[in-house]
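User: I am new to this structure and would like a close look at one part of it, the nonpolar core. Please also set it in its surroundings.

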Amino acid sequence: MSDDSKLKVGIVMGSDSDLPIMRKCAEALEHFGVGYEFVISSAHRHPEKTARYARGAADAGLKVIVAGAGGAAHLPGVIASMTMLPVIGVPIAIEPLQGVDSLYSIVQMPQGIPVATVAVNGAYNAGLLAVQIMALEDDNLRNKLNSYRQSLAAKVEEKDCRLREDEAQCRRSDEGDQK
Ligand code: RP5
């Protein structure tokens with residue numbers, strides 16, 4: 001856990017094999033100074049633990065749950081069925097279907113119990129979405145999100161500028177070759 005006093009997001013995953021991907025969610029949260037905890041649970045291997053965690057999450061002070069799983073990935077949906085907190089699902093790519101299975105499992109929640117779904121292995125975006133949800137009631141987070149997006153735009157400008165400079169240099173050297 002990054003900081004108990006700021007614990008806001010539960011990052012749950014079906015197995016430690018999901019951790020390399022789910023760490024990216026933590027990276028996003030750390031960027032915004034949002035506290036989190038990692039939890040390994042499993043809807044099919046340890047349903048009791050999963051139920052306990054989901055049912056206690058709101059009372060524990062969590063605001064959002066991010067749940068990642070691969071294969072027949074029912075973990076986010078099962079958690080969502082046992083809490084009123086928003087749940088963001090991260091489909092994890094594993095063999096042999098490379099995430100198509102987990103994507104469909106998570107995104108195709110039947111009407112009644114929604115799970116927000118990010119891209120296959122899109123754990124960083126799951127963290128960002130969690131921050132956006134919390135920013136609805138947090139001006140400081142909203143300002144940080146604004147700065148983050150401005151930095152994304154600045155990077156695009158920088159890349160475009162670098163590309164044009166390179167092109168100009170290429171044109172100059174082409175002209176020199178022809179003389
Ligand atoms: C899922 O099964 C987990 O989320 C993981 O993505 C997948 C494989 O788990 P391990 O066999 O690596 O423990 O429940």
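**The core and its surroundings**

Analyst: In this predicted model, the domain assignment gives domain 1, residues 4–137, and domain 2, residues 140–179. The C-alpha centres of domain 1 and domain 2 lie 35 Å apart. Their contact takes 5 residues from domain 1 and 4 residues from domain 2. On the side of domain 1 that touches domain 2, 4 residues are nonpolar, 1 is polar and none is charged.

Now the core itself. The largest nonpolar core has 43 residues. Cys-25, Leu-29 and Val-66 are those with the most contacts inside this core. In soluble globular proteins, nonpolar side chains tend to be buried together.

Among the elements that give two or more residues to it are the strands 1 (7–13), 3 (64–70) and 4 (87–92). The helices that do so are helix 1 (19–31), helix 2 (47–56), helix 3 (75–80), helix 4 (100–107) and helix 5 (123–135). Helix 5 provides the largest share, 7 residues.

Val-66 shows how these pieces meet. Leaving aside its neighbours within four places in sequence, Val-66 is in contact with Val-9, Ile-11, Cys-25, Ile-88, Val-90, Ala-126, Gly-127 and Ala-130. One of these, Cys-25, is also listed with Val-66 among the residues with the most contacts inside the core.

The strands belong to an open sheet of 5 strands in the order 2-1-3-4-5, with parallel pairing. Strand 2 (35–40) and strand 5 (116–117) stand at the edges; each has a single partner strand, so one side of each is left without a neighbour in the sheet. Strand 1 and strand 3 pair in the parallel sense over 5 bridges. Val-9 has Val-64 as its bridge partner in strand 3.

Around the ligand are Met-13, Gly-14, Ser-15, Ser-17, Asp-18, Ser-42, Ala-69, Gly-70, Gly-71, Ile-92 and Ile-94. This shell divides into 4 nonpolar, 6 polar and 1 charged residues.

Arg-142 lies in helix 6, residues 139–178. Arg-142 counts as partly exposed because 14 other C-beta atoms lie within 10 Å, while a buried residue would need 20 or more and an exposed one 12 or fewer. Arg-142 and Gln-132 are 10 residues apart in sequence, and their C-alpha atoms are 7.4 Å apart in space.

Key:
Residues numbered from 1 in each chain as written. Predicted model: local features only at pLDDT ≥ 70, side-chain atom pairs only at ≥ 80, totals over all residues. Near = placed C-beta within 6 Å. Nonpolar A, V, L, I, M, F, W, Y, C, P; charged D, E, K, R; others polar. Domains from an automatic or database assignment. Contact = placed C-beta atoms within 7 Å. Core = buried A, V, L, I, M, F, W, Y, C linked by C-beta atoms within 7 Å. Helix = DSSP H or I, 4+ residues; strand = E, 2+ residues; numbered from the N terminus. Pairing = 2+ DSSP bridges.
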